Amino acid sequence: MQSIVDRLIGPERAARVIQPLVRELMADDLLPETVAYRIVCEGVLAGDPWLLAEPGQGWALRSDVTDPAPALLVIVHRDTDQLTVEDPYGQRHQIPLCALTAYELDQWCWMRPDDDPHPTP
């Protein structure tokens, strides 16, 4: 089953997202690699914002959400469990990371150094 991350940034880059998350769980929670890998993979497949939320991503409101909320949020900054997001009207808001559970990852602008069109020497 292809994850949303695979579709948005490709399987090679998805692996480069997953591996640091696995290492972090192993170090922070003292989990064996197989357990950390399973937790991360299940979270990525489920679209867990705690694992996936990064600046440069667009998160679309889930179709089953009935509360009034912006249809799309773009993450500008993440600080552990707080996000600065921009709505479709260009307004920036501070929201708790848990608010992204009403959304699903929809866009990912890959901003890693290997894709910088103008690398600095």
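Predicted model: local features only at pLDDT ≥ 70, side-chain atom pairs only at ≥ 80, totals over all residues.

Residues are numbered from 1 along each chain as its sequence is written, and side-chain values use heavy atoms, with hydrogens and water left out.

Of the 121 residues of the chain, 31% count as buried (under 20% relative accessible area, with a 1.4 Å probe and protein chains only).

Next, switch to the cartoon view. The chain has 4 helices and 5 strands, and from the N terminus on its elements run α-α-α-α-β-β-β-β-β. Helices (H or I, at least four residues) and strands (E, at least two) are DSSP runs, numbered from the N terminus.

Select residues 11-29, helix H2, together with residues 33-46, helix H3. How do their axes cross? The axes come within 9 Å and cross at roughly 130°; they are lines fitted to C-alpha atoms, for helices over the stretch in contact, with angles from 0 to 180 degrees between N-to-C directions. H2 is therefore oblique to H3 (angles under 35 degrees count as roughly parallel, over 145 as roughly antiparallel, 65 to 115 as roughly perpendicular and the rest as oblique). Show the side chains at the contact (heavy atoms within 4.5 Å): among them are Ile18, Leu21 and Leu25 of H2 and Ala36, Ile39 and Val40 of H3.

Now select the strands. They form an open sheet of 5 strands in the order S4-S3-S2-S1-S5, with antiparallel pairing; two strands pair if DSSP finds at least two bridges between them. The edge strands, S4 (92-96) and S5 (103-108), each pair on one side only. The twist from one strand to the next averages 40°.

Within the sheet, select S1 (residues 57-61) and S2 (residues 72-79), antiparallel strands joined by 3 bridges. Here Trp59 stands opposite Leu73 in S2.

Move on to S2 and S3, which pair over 5 bridges; Arg78 has Leu83 in S3 as its bridge partner. These strands form a hairpin with 2 residues between them, and Thr80 in the turn has a positive phi of about 50°.

Finally, select S3 (residues 82-86) with S4, an antiparallel pair over 5 bridges. The bridge partner of Val85 in S4 is His93.

Conventions. Buried < 20%, exposed > 50% of the residue type's maximum accessible area, 1.4 Å probe, protein only.
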